[in-house]
Amino acid sequence: MSEKVRIGFYALTSCYGCQLQMAMMDEILHLLDKAEIECWFMVERDSDEDREVDIAFIEGSVSTQEEVELVKKIREKAKIVVAVGACATQGGVQSWGKDKELSELWKTVYGDAHVKFEPKMAEPVEKYIKVDYKLYGCPPEKKDFLYALGTFLVGSWPEDIDYPVCVECRLRGNPCILIEKGEPCLGPVTVAGCDARCPGFNVACIGCRGAVGYDVAWFDSLALEFKKKGLTKEEILERMKIFNAHNPKLEEMVNKIFEEGE
Ligand code: SF4
Ligand code: SF4
Ligand code: SF4
């Protein structure tokens with residue numbers, strides 16, 4: 001067995017933005033005395049998805065039957081599986097239409113085109129296999145990726161971020177878009193780590209880094225605040241589902257607000 005840590009990068013259905021983000025990290029070159037890249041089609045055409053690896057980084061959402069088989073194979077051959085980016089961790093923005101018929105969505109985008117694969121509704125990787133660690137973002141921050149990889153390489157385990165974007169927003173001293181402009185900012189329920197990028201440009205957060213845990217985020221409180229600002233239940237749900245359509249708690253909590261009244 002190689003003494004180097006064996007790493008694989010795998011792509012499912014996505015815009016490939018996460019792959020590009022990782023491929024542009026010069027720092028990965030400095031790791032080559034410690035790590036062996038076993039699979040990465042974006043940088044090596046002869047990559048082999050069948051090789052065993054210590055760490056598998058998977059980006060993209062599971063959107064075909066072939067990808068279901070692929071993630072199961074990766075799980076069997078990897079010691080640690082990391083889901084990379086909003087597509088792999090939350091199903092991506094392509095899950096926004098998950099309550100619609102796949103055939104209807106397909107027809108809208110592809111018309112009558114025939115394909116060689118068997119399409120499915122987009123799902124996060126965790127729907128099919130156990131995921132050991134998640135790198136949030138669309139795409140993930142370079143620092144998050146290097147922190148996780150570096151931590152794995154020294155035989156340790158990276159910490160999760162369990163506080164919301166609002167914390168970073170306050171630290172930056174941004175004016176609050178929700179309070180001052182009345183816009184439906186999702187920062188209070190979204191995993192921090194982007195240094196409140198969007199509010200920093202005076203744009204409301206749309207939740208690309210996924211929802212913080214139910215025990216630390218209160219979707220119902222935020223939904224109530226949105227309701228007070230005049231948004232309808234449907235508008236609130238549409239907003240919250242842009243990147244979090246697979247969150248099972250979301251609908252339940254927003255429904256609660258509208259059933260209970262104020
Ligand atoms: S998470 Fe965002 S950047 Fe990454 S593949 Fe999906 S859409 Fe592209
Ligand atoms: S702008 Fe958004 S992220 Fe920033 S403090 Fe207000 S609600 Fe939170
Ligand atoms: S502010 Fe929200 S939408 Fe913008 S990058 Fe951060 S998590 Fe994503």
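The shell around ligand 1 is made up of Ser14, Cys15, Tyr16, Gly17, Cys18, Glu59, Gly85, Ala86, Cys87, Gly137, Cys138 and Pro139, where a residue counts as near a molecule if one of its heavy atoms lies within 4 Å of it. The model is a predicted one, in which local features need pLDDT of at least 70, side-chain atom pairs count only at pLDDT 80 or more, and totals for chains, interfaces and linings use all residues. Residues are numbered from 1 along each chain as its sequence is written, chains are lettered from A and ligands numbered from 1 in the order in which they are written, and side-chain values use heavy atoms, with hydrogens and water left out.

Two helices, α1 (17-23) and α4 (85-90), each bring at least two residues to the shell around ligand 1, and α4 gives the largest share, 3 residues. Helices (H or I, at least four residues) and strands (E, at least two) are DSSP runs, numbered from the N terminus. By class, this shell holds 7 nonpolar, 4 polar and 1 charged residues; Ala, Val, Leu, Ile, Met, Phe, Trp, Tyr, Cys and Pro count as nonpolar, Asp, Glu, Lys and Arg as charged, and the others, Gly among them, as polar.

Around ligand 3 stand Thr190, Cys194, Cys198, Pro199, Cys205, Ile206, Gly207, Cys208 and Arg209, a shell of 6 nonpolar, 2 polar and 1 charged residues.

Two or more lining residues come from each of β4 (62-64), α5 (102-110) and β6 (119-123), and α5 provides the largest share, 7 residues. A pocket is an open set of points on a 1 Å grid over the protein atoms alone, where a 1.4 Å probe fits, with protein on both sides within 12 Å along at least five of seven lines; lining residues have an atom within 4 Å of a point.

The second largest pocket has a volume of about 410 Å³, and Tyr133, Tyr136, Glu159, Asp160 and Ile161 lie nearest its centre. A volume is the space filled by probe spheres set on the grid points, which are joined across faces, edges and corners.
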